[in-house]
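User: I have a chain open and want a quick tour. Can you take my questions as they come?
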Amino acid sequence: MISDKLRDQTINFTKEMKALLNCTIASHVQIKAVTLDKGDDRLFMLGHLLDKSLTAQRFQLKPRAPRVELWMDVSFQLRLDAEREHLMVHKSFVGVFGSQDAKHGLFHYDYERDKADGYPDAHLQVDASSELLATLNDPRRDPGRSLAQLHFPVGGKRFRPCLEDVIEFLVVERIVEARDGYEKILEAGRERFRKNQLMAAMRRDPATVDAFIERYRTAEPA
């Protein structure tokens, strides 16, 4: 059984995602969480209006350009860490598309912990083409590869972009309308994300934490 502490963490994360989206660039987003048993493990699926196949549904944004549709796709998979004490993101997807069912869109950020195909765990793909890339492709292996097929690394497991960063990009690049005061909401959410990542990094590297403490314990006062 999952502990009350971990259940509360899942519920809080769901509420934070919902509030973040609805208070900045979206409306009526309903983030749901479903728990799946994977042997002796637990997998937590999060997304907008998860359907029977546990696929998150896209939700609409309000583009600045008139008479244009814009949809966002956000989903997370959480699971227990190796010590079974903390929740960690196993997979995440954030993408922006021109319709509810379009296969290609503007861009998408993917994260897959310990990705097995050789591509970066955390990466960005932009749905675009490049004449220069066409000349750089290996004609024996990638003769028709487009820019959209390139996986740009973005910070790895620990320092990857957060959902707040994607929202900020859409607003500051004048792609979507945002609510008044969205900046404070983004900064608060980003600060929570960074602290969580820092705590996870500290748990995985106690020697560096000890070295840091020792260094500043013995440092001369400024």
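User: Which side chain does the side chain of Arg58 make a polar contact with?
Analyst: The side chain of Asp73, at 3.5 Å. A polar contact is a pair of N or O atoms within 3.5 Å; within protein, one must be able to donate a hydrogen and the other to accept it, and residues adjacent in sequence count only if both atoms are side-chain atoms. Keep in mind that this is a predicted model: local features need pLDDT of at least 70, side-chain atom pairs count only at pLDDT 80 or more, and totals for chains, interfaces and linings use all residues. Residues are numbered from 1 along each chain as its sequence is written, and side-chain values use heavy atoms, with hydrogens and water left out.

User: Which backbone oxygen does the Arg58 side chain reach?
Analyst: That of Gln100, at 3.4 Å.

User: Where is Arg58 placed?
Analyst: Arg58 is in the loop between strand S2 (41–48) and strand S3 (59–60). Helices (H or I, at least four residues) and strands (E, at least two) are DSSP runs, numbered from the N terminus.

User: Is Arg58 buried or exposed?
Analyst: Arg58 counts as buried because its relative accessibility is 13%. The cut-offs are under 20% relative accessible area for buried, over 50% for exposed, and partly exposed in between (1.4 Å probe, protein chains only).

User: What does Arg58 touch?
Analyst: Leaving out residues up to four places away in sequence, Arg58 touches His48, Trp71, Met72, Asp73, Phe97, Ser99, Gln100, Asp101 and Ala102. Contact here means heavy atoms within 4.5 Å.

User: Zooming out. How many helices and strands does the chain have?
Analyst: 6 helices and 8 strands. From the N terminus, the order is α-β-β-β-β-β-β-β-α-β-α-α-α-α. The C-alpha atoms fill a box of roughly 55 × 50 × 45 Å along the principal axes.

User: What share of the residues is buried?
Analyst: 36% of the 222 residues. As for contacts between residues at least 6 apart in sequence, 50% join residues at least 24 apart.

User: How many positive and negative side chains are there?
Analyst: 35 positive and 35 negative, and the centres of the two sets lie 3 Å apart. Lys and Arg count as positive, Asp and Glu as negative; His and the chain ends are not counted. Each charge is placed at NZ of Lys, CZ of Arg, CG of Asp or CD of Glu.

User: Now the core. Which residues touch the most other members of the largest nonpolar core?
Analyst: Leu21, Leu61 and Met72, in a core of 35 residues. Elements giving two or more residues to this core include helix H1 (4–22), strand S4 (71–80), strand S5 (87–97) and helix H4 (163–172). A nonpolar core is a set of buried Ala, Val, Leu, Ile, Met, Phe, Trp, Tyr and Cys residues joined through side-chain atoms within 4.5 Å.

User: Where does Leu163 sit, then?
Analyst: In helix H4. Leu163 counts as buried because its relative accessibility is 6%. Residues up to four places away aside, Leu163 touches Leu20, Leu21, Met72, Val74 and Val94.

User: Different topic. What is phi of His28?
Analyst: Near 60°, a positive value in a residue other than glycine. His28 lies in the loop between H1 and strand S1 (31–38). His28 counts as exposed because its relative accessibility is 69%.

User: And what about phi of Leu54?
Analyst: Phi of Leu54 is positive, about 65°, although Leu54 is not a glycine. Leu54 is in the loop between S2 and S3. With a relative accessible area of 23%, Leu54 is partly exposed.

User: Last stop. Where is Tyr109, and what does Tyr109 touch?
Analyst: Tyr109 is in strand S6. Not counting residues up to four places away, Tyr109 touches Ser92, Phe93, Val94, His123, Leu124, Val154, Pro161 and Val166.

User: Is Ser92 buried or exposed?
Analyst: Ser92 is buried, with a relative accessible area of 14%. Ser92 is found in strand S5. Among the residues Ser92 touches are Ser75, Phe76 and Tyr109.
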